[in-house]
Amino acid sequence: FLRLTGVSQMVSELTLVELEQLTYLSSEEKIVSFRRLIEWLKANPSKPKHAIHLKSDSQTESGLKLIVRYWQEFDLYQDFFVFDLTKAAAARLKTLDPKIKVAYIVSDFKFEPTINLWAEVEEDPNFDIVWAAEYRKLYSADFVNAVKESGKDCYAMSPDVHVLLGHPLALKGYEETWKNLMTWGVDGICTDHPRELSLLAQ
């Protein structure tokens, strides 16, 4: 939060009214509530699906039930999915509402507790989408084909997102990864350079 807004307080220490008065350091845009964001996205539909990152401290019973409430109220089943869940949270969410699409993060190295290896989850019934996060060498035609053949969608994080992890293509050369991923048929790419990716995809 400090990195985004310059405010050295926890989000939980501020009211919604106080939060909505804050602006991001990198722009004049103000912070909006999740409800307001969904209302805007529903009023301004776009082709890409929307990935909702549910942080670990929100993967509680009340947090998961809140997700269910939003999905049912706004009918988010088609164009939204939740990612970065633990296996336990995914199983519970699927019990609460099996129609909500869940993505597991899959990598070639388990650098966070919610990171999985493909072999660990390929037969898990509680997820619909692979959110691929290459640490050093995960992406290949064989990997994407294996995900697709399992019936899952495949979204991939671009190397440029993993600067802090030291990905060798984080600063230069990630465009080649984009080209490969598109050739192999991934369903979407997450990048900090969406305009450049959009131009390449045309």
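1. Welcome to this structure, where a search of the whole model finds 12 aromatic pairs. Here, rings of Phe, Tyr and Trp (its six-membered ring) pair if their centres lie within 6.5 Å; planes under 30 degrees apart count as stacked, over 60 as edge-to-face and the rest as tilted. One of the pairs is Phe-83 with Trp-131, which is stacked, at 4.3 Å centre to centre and 20° between the planes. This pair links distant parts of the chain, with Phe-83 in strand β2 (residues 80–83) and Trp-131 in strand β5 (residues 129–132), 48 residues apart. Helices (H or I, at least four residues) and strands (E, at least two) are DSSP runs, numbered from the N terminus.

2. A word on the source: this is a predicted model, in which local features need pLDDT of at least 70 and side-chain atom pairs count only at pLDDT 80 or more, while totals for chains, interfaces and linings use all residues. Residues are numbered from 1 along each chain as its sequence is written, and side-chain values use heavy atoms, with hydrogens and water left out.

3. Are Phe-83 and Trp-131 buried or exposed? Both are buried, meaning under 20% relative accessible area, with exposed over 50% and partly exposed in between (1.4 Å probe, protein chains only). Phe-83 and Trp-131 also belong to one aromatic cluster with Phe-81 and Tyr-155.

4. Now look at Lys-152: its charged end sits over the ring of Phe-127, 4.2 Å from the centre. Likewise, Arg-136 lies over the face of Tyr-135, at 4.4 Å from the ring centre. The rule is that NZ of Lys or CZ of Arg is within 6 Å of the ring centre and within 35 degrees of the ring normal.

5. Next comes the nonpolar core, a set of buried Ala, Val, Leu, Ile, Met, Phe, Trp, Tyr and Cys residues joined through side-chain atoms within 4.5 Å. The largest one has 50 residues, of which Trp-71 and Phe-143 touch the most other members. Helix α4 (residues 61–74) gives the largest share of this core, 6 residues. Leaving aside neighbours within four places in sequence, Trp-71 is in contact (heavy atoms within 4.5 Å) with residues including Phe-34, Ile-52, Tyr-77 and Ile-100.

6. Finally, helix α8 (residues 174–184) has Tyr-174, Thr-177, Trp-178 and Leu-181 as its buried residues. Seen down the helix axis, they fall within an arc of 105°, so they line one face of α8; the arc is that of the directions from the axis to the C-beta atoms. Their cover includes β6 (153–157), β7 (188–190) and α9 (194–201). After α8 comes Gly-185, with a positive phi near 90°.
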